[in-house]
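Please keep the sequence and the model in view while reading.

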Amino acid sequence: MTRVKIKTCTENISVCLEAIPDLKRVMRGATLKETIPETPAIQVYFDSKDVISPGGTDRYTMGGGKNGVIRKTAMIIHVDVYARQRSNIGDEMALLEELIDLVDDVMEQQGDKPYFGIDGVQAYSYRAERTTFEYNKNDYVGVRFYVTLTLF
């Protein structure tokens, strides 16, 4: 099995999110901008990666991995949802709640492997946290999804 590339993860998750109606744009990689030109918008980008390989836990059987070695890896991808620029909390929260449900729907559609169309993702989980993003001296109401991909 070949190693799952970070770009593959951000690209494939982005493509799934592009199906959300009324989004102005989904940005990732080279398409990330210094400003948020239109909302609602989503940014998808790599956050962190934990490779778990303490001595003796690598698996050498069944021909898995390079040279027969499989290391469990947890990769966290951020999905930042920018609902709109801060102005009226009631209107912002109403829109944000709709967007959270739409992103949840996309996440829940990943019922069968390969999750997000990525070979090598054995499982995934996510959590969401409401936040106010400061971006280029502007405040945006939004939510950050922490998507954890479990790779073998």
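In which helix is the place of T10? T10 belongs to helix α1, which comprises residues 6-17. The model under discussion is predicted.

**Helix α1 and its buried side**

The 12 residues of α1 should span 16 Å at 1.5 Å a residue, and the end C-alpha atoms of the helix are 17 Å apart, which agrees. Within α1, the residues C9, T10, I13, S14 and L17 are buried. These residues cover an arc of only 120 degrees around the axis, so they lie on the same side of α1. An α-helix has 3.6 residues a turn, and therefore residues three or four places apart point the same way. The buried residues of α1 pack against β1 (25-28), β2 (41-52), β3, α2 (89-108) and β5.

D80 is placed in strand β3. The table gives the relative accessible area of each residue.

| Residue | Element | Relative accessible area |
|---|---|---|
| T10 | helix α1 | 7% |
| D80 | strand β3 | 1% |

T10 counts as buried because its relative accessible area of 7% falls under 20%. By the same cut-off of 20%, D80 is buried because its value is 1%.

Leaving aside residues up to four places away in sequence, T10 touches R28, V44, Y45, F46 and I77. With the same exclusion, D80 touches A41, I42, Q43, Y45, F133, V143 and R144. Y45 is named among the contacts of T10 and also among those of D80.

**Aromatic pairs**

How many aromatic pairs does the structure hold? There are 6 aromatic pairs. One of them joins Y82 and Y140: the ring centres are 5.7 Å apart and the planes stand at 85 degrees, so the pair is edge-to-face. Because Y82 lies in strand β3 (residues 72-85) and Y140 in strand β5 (residues 138-151), this pair ties together parts that are 58 residues apart in sequence. Are Y82 and Y140 buried or exposed? Both of these residues are buried. Ring pairs also link Y82 and Y140 with F133 and Y135 into a cluster. F133, a member of that cluster, is one of the residues that D80 touches.

Note on methods. Residues numbered from 1 in each chain as written. Predicted model: local features only at pLDDT ≥ 70, side-chain atom pairs only at ≥ 80, totals over all residues. Heavy atoms only, no water. Helix = DSSP H or I, 4+ residues; strand = E, 2+ residues; numbered from the N terminus. Buried < 20%, exposed > 50% of the residue type's maximum accessible area, 1.4 Å probe, protein only. Contact = heavy atoms within 4.5 Å. Phe/Tyr/Trp six-rings, centres within 6.5 Å; stacked < 30°, edge-to-face > 60°. Expected span 1.5 Å × (residues − 1). Arc of directions from axis to C-beta.
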